[in-house]
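Welcome! Take a moment to look around, and then read on.

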Amino acid sequence: MSKPFQLCSILLVVWCSISTLAADEPKIKVLIVEGVSNHDWARRVEIVRAILAKDGSFDMDYSITPGTAGDPAWDTWRPDFSAYDVVLSGYNNLGGLPDWPQPVKVALESFVQGGGGFFAYHEANNSFESWPGYNQIIGPATQANAAGQH
């Protein structure tokens with residue numbers, strides 16, 4: 001057997017092994033939370049979904065909040081954060097828009113404290129001004145905004 005053929009055979013076996021291992025990797029479970037924002041959140045969900053779908057590494061679900069403060073659906077909106085590896089959110093309640101129910105706040109804090117990931121994108125970095133736990137989760141960006149420093 002010639003050396004080039006042997007080398008090609010070895011590379012093919014290695015490539016197939018790596019491809020098989022990559023295919024067996026479990027997907028990252030992502031929950032995208034949207035529903036209230038000062039931007040077009042419905043369009044953004046589609047953009048985020050398209051970005052994350054490109055390489056097939058993610059299983060995505062969506063939890064869309066009720067849209068108004070008086071909506072009775074808030075009484076039952078309880079996303080199960082613990083079923084996911086990471087939660088992404090663009091939710092923004094500035095300007096008197098609805099806050100999350102206390103049980104949902106507690107569940108998110110517990111999820112993050114237990115090792116779950118949370119990513120607040122775009123305007124979600126200045127949501128929940130009066131929720132200290134949220135501001136601790138996302139870090140100093142909100143604290144600077146709340147203090148008027150940009």
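## A buried lysine and its partner

Lys 105 has a relative accessible area of 8%, so this residue counts as buried, the cut-off being under 20%. Please keep in mind as you read that the model is predicted. The side chain of Lys 105 meets that of Asp 99 in a salt bridge, with 2.9 Å from N to O. And how exposed is Asp 99? With a relative accessible area of 31%, Asp 99 is partly exposed.

## The overall layout

Let us step back to the whole chain. The protein is built with five helices and four strands, and reading along the sequence gives the pattern α-β-α-β-β-α-β-α-α. There are 150 residues in the protein, and buried ones make up 33% of them.

Two further values describe the fold as a whole. Taking the contacts with a separation of 6 or more, 68% are between residues 24 or more positions apart. The protein exposes about 9100 Å², and carbon and sulfur atoms supply 59% of that area.

In soluble globular proteins, nonpolar side chains tend to be buried together. Here, the largest nonpolar core has 19 residues, and the members that touch the most others are Val 33, Phe 81, Val 87, Trp 100, Leu 108 and Tyr 134. Which elements each supply at least two residues of this core? They are strand 1 (28-34), helix 3 (102-113) and strand 4 (117-120). Helix 3 gives the largest share, with three residues.

Leaving aside neighbours within four places in sequence, Leu 108 is in contact with Phe 81, Trp 100, Phe 118, Trp 131, Tyr 134 and Ile 137. Another core, of eight residues, lies apart from the largest one; among its members are Val 30, Ile 32, Val 48 and Leu 88.

How many salt bridges does a search of the whole structure find? The search finds four. One of them joins Arg 44 to Glu 34, where the closest N and O atoms are 2.8 Å apart. Arg 44 lies in helix 2 (residues 41-53) and Glu 34 in strand 1, so this pair ties together parts that are 10 residues apart in sequence. Both Arg 44 and Glu 34 are buried.

Arg 44 also has a salt bridge with Glu 123, at 2.9 Å from N to O. This pair links distant parts of the chain, 79 residues apart: Arg 44 belongs to helix 2, while Glu 123 sits in the loop between strand 4 and helix 4 (132-138). Glu 123 is buried, as is Arg 44. Put together, Glu 34, Arg 44 and Glu 123 are linked in a network of salt bridges.

## An exposed proline in a loop

For a last stop, look at the loop between helix 1 (3-24) and strand 1, where you will find Pro 26. Is Pro 26 buried or exposed? Its relative accessible area is 69%, so Pro 26 is exposed, the cut-off being over 50%. Pro 26 and Asp 59 are 33 residues apart along the chain, and their C-alpha atoms are separated by 9.4 Å.

Terms used
Residues are numbered from 1 along each chain as its sequence is written. This is a predicted model: local features need pLDDT of at least 70, side-chain atom pairs count only at pLDDT 80 or more; totals for chains, interfaces and linings use all residues. Side-chain values use heavy atoms; hydrogens and water are left out. A nonpolar core is a set of buried Ala, Val, Leu, Ile, Met, Phe, Trp, Tyr and Cys residues joined through side-chain atoms within 4.5 Å. Buried means under 20% relative accessible area, exposed over 50%, partly exposed in between (1.4 Å probe, protein chains only). Contact means heavy atoms within 4.5 Å. Accessible areas come from the Shrake-Rupley method with a 1.4 Å probe; for residues, only the protein chains shown count as cover.
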